[in-house]
Amino acid sequence: MDVITIRLTNKSFNSRRIIYLDFMSFLSASLFLWIFLALNSIIGLNIVYLIGISTSIAVFLRFLILYVYYPGNMHYAIILSPDYSYSILISSLFIFLKTPYLPMFLFTVSFSSAIFLLFSYLFITLTTKIHQKVQCKCSRNNQFFP
């Protein structure tokens, strides 16, 4: 899915970048799933919610990685960052097809992916604005030192 959507943007991504992006998405989703499973006695959520939220955390990381490659056009990063969640949604249609967990899982992944995408967008915009303000202040201070 990454190969198809990245080719639509006309950006040159070699296979190593795509593999790195997929590996980081899988690693972050797996890591947070194990963390949530370890904390399940405290949290007390259904396992379907835990899987949905842990796979959606990859959206945040993917947005940060894709922003590096699309700094001028953030729309591409917004469209491409939930690719891992799209893949999970499509595969869950086959996994949970005859179970009552399908609507709950689809809602959890969709809603949490949208929330993490919003948080990642706000994180990037706020940190870049703060960086620009600090950089402007530093450049003004450099005028006083010859």
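Author: Gladly! Let us begin with a term: a salt bridge is a side-chain nitrogen of Lys or Arg within 4 Å of a carboxyl oxygen of Asp or Glu. A search of the whole structure finds 1 salt bridge. This is a predicted model, where local features need pLDDT of at least 70 and side-chain atom pairs count only at pLDDT 80 or more, while totals for chains, interfaces and linings use all residues. Residues are numbered from 1 along each chain as its sequence is written, and side-chain values use heavy atoms, with hydrogens and water left out.

Reader: What makes Asp22 and Arg62 a salt bridge?

Author: Their closest N and O atoms are 3.8 Å apart, and the cut-off is within 4 Å, so the pair counts as a salt bridge. Asp22 belongs to helix α2 (residues 15-38) and Arg62 to helix α4 (residues 47-69), so the pair, 40 residues apart, links distant parts of the chain. Helices here are DSSP runs (H or I, at least four residues), numbered from the N terminus.

Reader: Why is Arg62 called buried?

Author: Buried means under 20% relative accessible area, exposed over 50%, and partly exposed in between (1.4 Å probe, protein chains only). Arg62 has 1%, so Arg62 is buried.

Reader: Why is the pair of Phe60 and Phe123 called tilted?

Author: The centres are 5.8 Å apart, so the rings pair, and the planes stand at 55°, between the two angle limits, so the pair is tilted. Phe60 sits in helix α4 and Phe123 in helix α7 (residues 102-142), 63 residues apart. Phe60 is partly exposed at 26% relative accessible area, and Phe123 is partly exposed at 39%.

Reader: What makes the pair of Phe107 and Phe111 stacked?

Author: Their centres are 5.6 Å apart and their planes are at 10°, which is under 30 degrees, so the pair is stacked. Both residues lie in helix α7, 4 residues apart, about one turn of the helix.

Reader: How do you know that Phe107 is exposed?

Author: Phe107 has 54% relative accessibility, which is over 50%, so Phe107 counts as exposed. Phe111, at 49%, counts as partly exposed.

Conventions: Helices (H or I, at least four residues) and strands (E, at least two) are DSSP runs, numbered from the N terminus. Rings of Phe, Tyr and Trp (its six-membered ring) pair if their centres lie within 6.5 Å; planes under 30 degrees apart count as stacked, over 60 as edge-to-face and the rest as tilted.
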